[in-house]
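I opened a new notebook page for this one.

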Amino acid sequence: MPLQSLYADNYMPVGDVLTMAVCYVIIIVMFFSFIKRTRSFRVFLTILLFLILASMANIGYYTVLEHMGVQGGSIVGVLRLIMHASLFIIFFLFTRYIAIVTDLNHKLSLWSSFIGGIITCFVIIWDLVDTLDSRWGFRITEAGIQTGPNIFMFGYIAYVILLGALLIYVRNRIYNRVLYGFYCTVILAVSLNMIQRFSGQSSLMIGSFLLPVIAMFYIMHSNPYDVRLGSLNISAMDDMIRFYREKKVPFGYMSLFMHTFSENHAPVPASMQETIRRFSSSYFRDARLFHVSSGHFLLIYTLKRNPDYEKRISSILKAFTQEYSRFKQDYKIVIGRCTDQLSNHNEYISFIRSIHRNMAENTVHFVTEKDSADYDREAYILRELTDIYRVRRLDDPRVLVYCQPVYNIRLGRYDTAEALMRLNLKETGIVYPDQFIPLAEENGYIHILTQIILHKTCEAVRVLIAEGYNFTRISVNVSALELKDQYFCRDISGIIEESEIPGNRVAIELTESQDESDFLIMQQRINELKDLGIKFYLDDFGTGYSSLERIMQLPFDIIKFDRSLVIASASNSRSAQIVGNMAKLFAEMDFSVLYEGVEDSGDEHRCIAMSASYLQGFKYSRPVPIDEMRHFFSLSA
């Protein structure tokens, strides 16, 4: 006998059909968009599949109930069991999901899973017994549906308590806005289920489970928030600045850059993430934190909501100083206000990076009008560099070659020189390397500049040889970044061969890299080009992390002692002895030692006493156009 009244009055399938449709849409969106396939994503996908299974079982339950009545009792019981089991497995997966996304410690994660597993197993086993026992369990009679104790509701309440406890416990591990989003959604889902229960309805029971799932999808898998940091991505920043510009909302910003994480592309440690998250929400009203890149964060706040922003900046800097004593990570902080010029094209990140280049570590910089003017100049230089890269003319007139002569102590004359690059641009005139080399390296333009200066140097060397000048070689600086280019050796050797000069008439100056992979590449490139007779200099020895073991593995010809060692040797006899012993050691291993930054006679005499082979510095000459090297090199007899 059909029980049509139960179907018509208590249940309509539209809720379950809509739930399945939404789940299918989410699955489609996930697979046709980029979402990281993390553990939390896999758990979320499993939740969706069980939600679809529960909806299908619920529709089948009421359909069989309506059309078969008492005769469909066993089928209805099985469908009821599948539906209840699916919902409690979803509950269990919710606990796992929270543990994963909040990086809950292993012990608490196990305990939450254990308690959730006990609840789920108990309800499923009870339901199974309830379904099989026709005497006092679930059964369909002419009078209607009869069941034993409502264990489903007890299990439901137990899981709500467990999930609520978990969300409260992890409140300090999740950004507040994300956490409040979960709270509101869970409260709404529970309220909806309770209301329909008390009203005798059952159409939206499974749909109430969909609400937290939608929140999880938006907040965790499509929303730009990083739930651990409370930060947003760059695209979200673009949208917000565009909105502020259109609505003419003035805002301020504070940038934190830590080069250690940026250079190594390493994640910020969890302990520091907690501090950054706290700072982003505690000192400014309605502020937004953006994760620009590894080690770079940008906090943006509206001036309307923070009229006392100067006081707040002072407070956050004071607190940051205290935190620095804990973490000891080098930093650069830039603080400024919005401008129409930067907002129009959203150039804040590149503007801040331009300031970073001229900042010392562990300093705070407040943006000035001069910074804007310097940035405009830098933007112009970058446009010219871009055009140089695009045109790729080895004789580009905008790239000039200057040379600084090097004095050979044994010969008593200048016989080598270092080629130095300059740009000659229409709007700025002469531009020095420190102003454009970092830009070229950041934007991938450095190799074409090296090719241009090498080409021009080789042409000048060819002319000097033809005119009979007596010199050994001219060296050219090469960025360590270029060595990773698989065509580096081909490009260098091709330029030298086309100039028709001996390979030993040019040299390449390199700065040693700390990275092991870079070291191996450098070793390979040097050995390959050595076959052409090219000499190699180790540049800037004494400024970084050069080690004797590494140097001995690389076939350098000349070790260039940095100006800092020349200065150190003048400070006291102990420093002079250390520098001198290092130079003596290199000389005994058949390396030639070149001291750069020699500025007066005192430097000269001291360096000669410290096993110098070559001297370079302002005492002899400032860099001059390469054509003027005729004034320093002598003619062959």
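Predicted model: local features only at pLDDT ≥ 70, side-chain atom pairs only at ≥ 80, totals over all residues.

**Entry 1: the largest cavity.** I started with the largest cavity, which has a volume of about 320 Å³. My search ran on a 1 Å grid over the protein atoms alone, where a cavity is a set of points that a 1.4 Å probe fits but cannot get out of, and lining residues have an atom within 4 Å of a point. Grid points are joined across faces, edges and corners, and the volume is the space filled by probe spheres set on the points. The lining has 21 residues, and Leu256, Ile276, Phe279, Phe320 and Ile333 are the closest to the centre.

Residues are numbered from 1 along each chain as its sequence is written, and side-chain values use heavy atoms, with hydrogens and water left out.

Which elements build this lining? Strand S4 (251-257), helix H11 (270-282), strand S6 (296-302) and helix H12 (309-327) each give at least two residues. Helices (H or I, at least four residues) and strands (E, at least two) are DSSP runs, numbered from the N terminus. H12 has the largest share, with six residues. I sorted the lining by class and got 17 nonpolar, three polar and one charged. Here Ala, Val, Leu, Ile, Met, Phe, Trp, Tyr, Cys and Pro count as nonpolar, Asp, Glu, Lys and Arg as charged, and the others, Gly among them, as polar.

**Entry 2: the second largest cavity.** Phe94, Ile98, Leu163, Val186 and Pro212 are the closest to its centre, out of 18 lining residues. Helices H4 (73-101), H6 (151-169), H7 (176-198) and H8 (205-222) are the elements that give two or more residues to this lining, and H4 supplies the largest share, five. By class I found 17 nonpolar, one polar and no charged residues.

**Entry 3: salt bridges.** I counted 25 salt bridges (a side-chain nitrogen of Lys or Arg within 4 Å of a carboxyl oxygen of Asp or Glu). Glutamate 323 and arginine 278 make one, at 3.2 Å from N to O. Glutamate 323 is in helix H12 and arginine 278 in helix H11, so the pair ties together parts 45 residues apart in sequence.

Lysine 560 and glutamate 418 pair up too, with closest N and O atoms 3.0 Å apart. That links strand S16 (residues 558-561) to strand S10 (residues 413-425), 142 residues apart. Are these two buried or exposed? Lysine 560 and glutamate 418 are both buried, where buried means under 20% relative accessible area, exposed over 50% and partly exposed in between (1.4 Å probe, protein chains only).

I also noted a network of salt bridges that links Glu384, Asp387, Arg390, Asp396 and Arg398.

**Entry 4: the whole chain.** I listed 23 helices and 20 strands. The C-alpha atoms fill a box of roughly 125 × 55 × 50 Å along the principal axes. Buried residues make up 50% of the 637 in the chain.

Notes: 1 Å grid on protein atoms, 1.4 Å probe; cavity = no way out; pocket = protein on both sides within 12 Å on 5 of 7 lines; lining within 4 Å.
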